[in-house]
Amino acid sequence: MQTSAMQKLGYAGLTPFVVPAILVAMGHEHSGHAIGIANAYAFGIICFLTGTWWGVGIKSESNRLLILSNVVFVAAFLVFGFASQSLALVLAVILACIFVIEKSDTSFSQLDPAYRRMRMVLTTIATLSMLVVFFAG
């Protein structure tokens, strides 16, 4: 039951990445608005993911992970506030970095393998969508 909800929510969460990327790639009249939505949503997902690191860090007693979550968040926050021209590109890189950190940090090895596989797919699609937004926008 939980896995089903996890998958439904996870894949539905790709919509604000994929739809704007499609609109921007098509040169739709609402591309500017779509870029703003994609950027804001990517920042929100970055906040959400790095926030979950606190639970993992506390459970595994990893001060490194707690500190790293703040570093990644602050970097994303500064980029979101000040990097208007390259925002989608930098957010794509941060999304990919979050995945790499989760993949390489042993604190995350305790997570369900199905979740970890799903995160790989979600991160790949989200990152590619943000790259489309950047290069086609």
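On a 1 Å grid over the protein atoms alone, a pocket is an open set of points where a 1.4 Å probe fits, with protein on both sides within 12 Å along at least five of seven lines; its lining residues have an atom within 4 Å of a point. The model here is predicted, and local features need pLDDT of at least 70. Residues are numbered from 1 along each chain.

**Exercise 1.** Find which residues lie nearest the centre of the largest pocket.

*Solution.* Start with the lining, which has 21 residues. Nearest the centre you'll find Gly-10, Phe-48, Tyr-115, Arg-119 and Leu-122. Next, look at the elements that give two or more residues: α1 (2-12), α3 and α6. Of these, α6 gives the most, with 6 residues.

**Exercise 2.** Work out whether the span of helix α3 agrees with its number of residues.

*Solution.* Take the 29 residues of α3, 31-59. The expected span is 1.5 Å times one less than the number of residues, so α3 should span 42 Å. Now check the end C-alpha atoms: they're 42 Å apart, which agrees.

**Exercise 3.** Show how the buried residues of α2 are arranged around its axis.

*Solution.* First pick out the buried ones (under 20% relative accessible area, 1.4 Å probe, protein chains only): Phe-17, Pro-20, Ala-21 and Val-24. Seen down the axis, they fall within an arc of 105° (taken from the directions from the helix axis to the C-beta atoms), so they line one face of α2. Finally, see what they pack against: α3, α5 and α6. Just past the end of α2, Gly-27 has a positive phi of about 70°.

Note on methods: This is a predicted model: local features need pLDDT of at least 70, side-chain atom pairs count only at pLDDT 80 or more; totals for chains, interfaces and linings use all residues. Side-chain values use heavy atoms; hydrogens and water are left out. Helices (H or I, at least four residues) and strands (E, at least two) are DSSP runs, numbered from the N terminus. Buried means under 20% relative accessible area, exposed over 50%, partly exposed in between (1.4 Å probe, protein chains only). Contact means heavy atoms within 4.5 Å.
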